[in-house]
Amino acid sequence: MLILECPCCGVMADETELAPGGEAHLKRYGPGSSDEEFEGYLFHRVNPKGVHFERWRHANGCGKWFLAARCTNTLEVFATYSAQTPEPPQHVIDAIAARRPNWSIEA
Amino acid sequence: MSTRLSSGGRLIDRSAARDFTFNGKRLTGYAGDTLASALLANGQTLMGRSFKYHRPRGVVASGAEEPNALMGIGKGSRFEPNQRATTTELFDGLEAESQNHWPSLEFDVGAVNNSLAMFFPAGFYYKTFMFPRPAWKHLFEPIVRHSAGLGKAPKDRDADRYEHFYAFVDVMIVGGGIAGLQAALTAGASGARVLLVEQTAHWGGRAPVDGVEIDGQPADEWIKSALQTLEGMDNVRVRSRTMASGVYDHGYVLAYERLTDHAPEMDGPRHRLWRIRAKQVITATGALERPLSFAGNDIPGVMLASAVRDYVVNWGVSPGDRTVVVTNNDDAYRTALALHGAGLAVPAIVDARATVTGDLPEAARAAGIRVLTGTGIASVKGKKAVTGVTLCAQAGEGAVTDEIACEAVAMSGGWSPVVHLWSHCGGKLTWDADQACFRPDHDRAPTSHDGKPFVTAAGAADGVLGSADALASGSNAAVAVAEALGLSATASAPSANDPAETPMEAVWIMPQGAGPAKRMKMWLDYQNDVKVSDVRLAAQEGYESVEHTKRYTTLGMATDQGKLSNINGLATLASALNDEIPNVGTTTFRPPYTPISMGAIAGEARGDVFQPLRRTPMHAWHEEQGAYMEPVGHWRRPYCYPKAGETHEQAVHREVLATRNSLGLLDASTLGKIIVKGPDAGRFMDMLYTNMMSTLKPGKCRYGLMCNENGFLMDDGVVARIDEDTFLVHTTSGGAEHTHGHMEDWLQCEWWDWKVHTVNVTEQYAQVAVVGPNARKLLEKLGTDMDLSAEALPFMGFATGKIGGFNTRVFRISFSGELSFEIAVPASQGRAFWDALHEAGAEWNATAYGTEALHIMRAEKGFIMIGDETDGTVIPQDLGLGWAISKKKEDYLGKRAQERSHMTDPTRWKLVGLETVDGSVIPDGSYAVASGTNANGQGNTQGRITSTYHSPTLGKGIAMGLVLNGPDRMGEVIEFNKVDGTTVPAKIVNPVFYDPDGEKQNV
Ligand SMILES: [Zn+2]
């Protein structure tokens, strides 16, 4: 039962208020994409034991989607941030690096 | 035989007798007794039968860890199986029955399993599945079925009430022993909001039983004053009979409060589930004593030394006139001294250690008790009760050196900290070789959202067994936690007397050289009948991982979750693998700590308030008419409106014919309604729907299909364009929330720069479908300022205006194939409008129809229904809906997926209509059979039914289904299977059974 701060309304939301949405920052592939690109977009997901970027919706709250950077192993939450971004912003990367010095976004 | 002592018992009130029954026998105990202590006081040492071998079993423990004394308590709607007699407080009228035996506890036929024990080794359940099928059917299944399941499942609806309770605290302290109390005192003084819970009805844990003195006074006095201090603090709450069952992510803790189990006559809920958010948790959960593994250690009368002491000191119960104490540590000597002090005989203390010189052994010797060092128990004598023990050298293989007659054996293999709550959320353990136990590893505590520890162990739960050290440990834990909270606290703990002790020595098997014959009689897991020999066999067969061994042998998988058996089992496995215990590791500790009731988990969510119900503005009318309701999502919709004497089927057929012949009225308010508005609304609608929506003219409606990115059909419905920037999307009744969420997902997370706003207005409008040849006449009779003629408002048009004084929006859409107006009015006007339609429609026999009539009429017209024709694997192309897929659009959600090879496979089953040759109705879920069999030997199929009805309009069975090459096989007759093994022939036809040219609809 996680607690995540909704960056839209500022509420520290209990997991019962939230709906999970899977991996964040996926690039959408539509018509014209190759089979490999589309397969990757539709089906391939990372499953790290460690830092994970993920989508959450404050479903039983303000209704807005947001993103979270979280450790799937220790449940540490590095940051929650706007869903309106194609990649993790620098302040999120910095927050992760401060806690996980050996981590890099490519890994 | 056990009995009540003439005096003593710090927890019982001898002036308050309590009558109860056990297996129908009337017995008497005292207020303050547990069911277990009262049974022992009545000489009832046999309390149950084990799960696999049905061996006779007595009580082993005195608390939550009890594996044997499980009872069915209560009767009828208050019956509950598998209740531990040790944690059941006695009350007047309690009815208990023992479990797992037939025909009686004393004589049990299933005990034959015991003599067949050699056929039930480790992995029995897995191995039986490897045998040929007949062996399973004739040999194993009858045995397994007979012995499967513990206790009896209750049959009646639970008569009690339960509730959930939310709490938010700074510090949650689990365990009301002296360490927990001291932690609460220190934390309370820091100003933190504290919740202290204790699972039993009593405070202070073992200290009062063990004769501890705190600050120079008996422990009971200190405990009383500590509680008084805590109750005087506004920031501290204390709750007894409350068990913390689990620690979860980010400081979420569940606790289980038993409010009336001890006093059923009390008002209020029976159990309360506390849903707690704690910033910090202190686990002062104590330690559990371990059994010793010697032959016959499961015979009734063999008990934990601490439990024997509890029965004597707390409840004034003698386990038997003569008790042999067997131990590897000094603590068990307290039991010998307590028995001796109560005037009972202790023929010997059998100590596996070579020399013992601690204060307690010296006190025992001084009391004249024989102390036999370097000695073990060779075997326990007796079948349903202990009659004696034979002794041997612990160092040897079990040659008998002596024999002692006794009625009870008090055993102690040392203490294991209760690390469950520490471990639930990721806390790691470290092996303490001195005390031969796992205890919390302070460097690897469970961490919270900020990556910092949020659980701290204190007292015996942290491996700190002495009382002075435990008090200091409690205070220190509270100081550390206060600091983590940014508060300041001062460590202070009272003094306590602790005797000097000889260190314990690990003893995993007794005697250390015991051979196979003895190991087959050494029980590790009493409830699941797992023995030392089973774990060794598992290791031999290659189950080297402790998690595999657990599942293979079922060690620790019973309702006690291995509280007593875990460490002994690990040690046995380690020894068989010739490895160290810490290398073998522990199995995972999972919540709940002890079983909690299903009622507490459900809380208030049962019956009428199980989930919120959605009601349309006309709901009360439907109920007044005696409608038969069915769930549609969270809505309740009328399935049909049976009249007196009518079956549901008759009612449905009447409703269909009345609508087709004259006038039907449907409450369509549950239909999803979503406004999509903004300069980019048209562009967005084109992405949502497979067809082109941006070209829809204001004032017009268009049917559309919505797919997910996998290409599968998700929802369908009619879209109305209100103006250039505004669309009104109609969704299926159950699909509005999901569809709205789908829209928001794409708008917020993918196309966030598009200027579109969506609002779910489903409940803002009541909607009525006015259907049938007389529909227009009815509306005109009510009076309207709109021109509702076919020319002015043709099919798929809509208009806004007044009908009978109501503000309405009228859609010319039809899901029945009849002339049809779907009319939306503000929700507050829904019931009045509905009543007005019925009143004015009486001359045309206006008939309310339900969802089943709706379904039949749509099937007669070949209209698909989401959830019937679709199941999450169906694409529009399967359903002959290619006409609703835009060829012009570059993109829409699902378009790329629908180009994948499997989606364009010509052998995908396609939608057709089906007419039975004999007019009967094809059973729901039928498959079309094909010749031959597949690789698994199952019959081949070539299609399946998606909707099937008796059509009252056509007077025969009609169906829709997905069939291999179906649209190319019109007129062919294929066979559909039935449950009775026969088939029913049906002809493949066009799915539009009724009025294919739309002559009735487009008028
Ligand atoms: Zn929010």
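1. How many helices and strands does the secondary structure of chain B come to? The secondary structure of chain B comprises 24 helices and 51 strands, where helices (H or I, at least four residues) and strands (E, at least two) are DSSP runs, numbered from the N terminus.

2. This is a predicted model, in which local features need pLDDT of at least 70 and side-chain atom pairs count only at pLDDT 80 or more, while totals for chains, interfaces and linings use all residues. Residues are numbered from 1 along each chain as its sequence is written, and chains are lettered from A and ligands numbered from 1 in the order in which they are written.

3. Chain B has 1003 residues, of which 52% count as buried (20 or more other C-beta atoms within 10 Å of a residue's own, with C-beta atoms placed from the backbone). The C-alpha trace of chain B spans about 115 × 70 × 55 Å along its principal axes. Of the contacts in chain B (C-beta atoms, placed from the backbone, within 7 Å) between residues at least 6 apart in sequence, 66% join residues at least 24 apart.

4. Chain A has 2 helices and 6 strands, and its elements follow the order β-β-β-α-β-β-β-α from the N terminus on. The radius of gyration of chain A, taken over C-alpha atoms, is 15 Å, close to the 13 Å that the globule rule (2.2 Å times the number of residues to the power 0.38) gives for 107 residues, so chain A is as compact as a globular protein of that length.

5. In chain A, buried residues make up 26% of the 107 residues, and the C-alpha atoms fill a box of roughly 40 × 35 × 25 Å, taken along the principal axes.

Technical notes:
Buried ≥ 20, exposed ≤ 12 C-beta atoms within 10 Å, placed from the backbone. Contact = placed C-beta atoms within 7 Å.
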